[in-house]
Amino acid sequence: MNREEAYKTLTKLIKNQNLIKHHLACEAVMKVLYRKFTPSTGQNPQDEEKWGIVGLLHDADYELTRNHPEKHTLVLEEKIGSKLPEDVMYAILSHNFANNQVLPKSAMDWSIYCADELTGLIIAATLVNPEKKLASVTTDFVINRFNEPSFARGANRDQILACQDKLGIPIRDFIDLSLKAMQSISHELGL
């Protein structure tokens, strides 16, 4: 499945435009993480697209499973698992390991696990920023919101902080690269 097919699949399964924007944000962050983990001499456009597809499809069954978190990602695997490379489907499954027991192993797996929650926190921070534009949000602004436990309570800080132990990326750097990735597609995100 290429990126175009993945996007068509996403928009067939997800109708809520804010959820589609969440997927686009995760796709952008995953591509930046791919480039971070792969020296420029070894980068492969197909592999970068693969990482992006993980971000683009990771929650594609959300509207079907929102009331059954134990089925999240498993329904997606039933619907499209055979159309995806095994490592892509594994990464998607593993980002919900708290419910399905598929443990993250690779950098790609841990990247979507951490990025999923952080993109939501960055969007929430953008929406409380006076300008409500990603361009005006700074890394420090996001860190300050991250450190406020009552802000965006649904964003699991422990999941985001796994970037340090599992990916070897300090939290400040992880927020910075994720914010920049999202800023690069601010038009698509409407922010």
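Analyst: The lining of the second largest pocket divides into 5 nonpolar, 1 polar and 5 charged residues. Keep in mind that this is a predicted model.

User: Which residues line the second largest pocket?

Analyst: They are Arg3, Leu24, Glu27, Ala28, Lys31, Val32, Arg35, Ala181, Ser184, Ile185 and Glu188. The largest share, 6 residues, comes from H2.

User: What volume does the second largest pocket have?

Analyst: About 170 Å³. The largest pocket holds about 690 Å³ of space.

User: OK, the largest pocket then. Which residues lie nearest its centre?

Analyst: His22, Asp59, Tyr62, Asp116 and Glu117. They belong to a lining of 30 residues. The elements giving two or more residues to that lining are helix H2 (17-37), helix H4 (62-65), helix H7 (97-100) and helix H8 (107-128).

User: Which element gives the largest share of that lining?

Analyst: H8 does, with 8 residues.

User: And how does the lining of the largest pocket divide into nonpolar, polar and charged?

Analyst: There are 14 nonpolar, 10 polar and 6 charged residues.

User: New topic: helix H3. How many residues does H3 have?

Analyst: H3 has 13, running over residues 45-57. From first C-alpha to last, H3 reaches 18 Å, close to the 18 Å expected at 1.5 Å a residue.

User: What caps its N-terminal end?

Analyst: Asn44 caps H3 there. A side-chain oxygen lies 2.7 Å from the backbone nitrogen of Gln46.

User: Which residues of H3 are buried?

Analyst: Glu48, Trp51, Gly52, Ile53, Val54, Gly55, Leu56 and Leu57. What covers them includes helix H1 (3-13), H2, helix H5 (74-80), helix H6 (86-94) and H8.

User: What does Thr139 touch?

Analyst: Leaving aside residues up to four places away in sequence, Thr139 touches Arg172, Ile175, Asp176 and Leu179.

User: Now Gln101. Where is Gln101?

Analyst: In the loop between H7 and H8.

User: Buried or exposed?

Analyst: Gln101 is exposed, because its relative accessible area is 58% and exposed means over 50%.

User: Last one. How many Å apart in space are Gln101 and Gln183?

Analyst: They are 33 Å apart, C-alpha to C-alpha. In sequence, Gln101 and Gln183 are 82 residues apart.

Technical notes:
Residues are numbered from 1 along each chain as its sequence is written. This is a predicted model: local features need pLDDT of at least 70, side-chain atom pairs count only at pLDDT 80 or more; totals for chains, interfaces and linings use all residues. Side-chain values use heavy atoms; hydrogens and water are left out. On a 1 Å grid over the protein atoms alone, a cavity is a set of points where a 1.4 Å probe fits but cannot get out, and a pocket is an open set with protein on both sides within 12 Å along at least five of seven lines; lining residues have an atom within 4 Å of a point. Grid points are joined across faces, edges and corners, and a volume is the space filled by probe spheres set on the points. Helices (H or I, at least four residues) and strands (E, at least two) are DSSP runs, numbered from the N terminus. Ala, Val, Leu, Ile, Met, Phe, Trp, Tyr, Cys and Pro count as nonpolar, Asp, Glu, Lys and Arg as charged, and the others, Gly among them, as polar. Contact means heavy atoms within 4.5 Å. Buried means under 20% relative accessible area, exposed over 50%, partly exposed in between (1.4 Å probe, protein chains only). The expected span of a helix is 1.5 Å times one less than its number of residues. A polar contact is a pair of N or O atoms within 3.5 Å; within protein, one must be able to donate a hydrogen and the other to accept it, and residues adjacent in sequence count only if both atoms are side-chain atoms.
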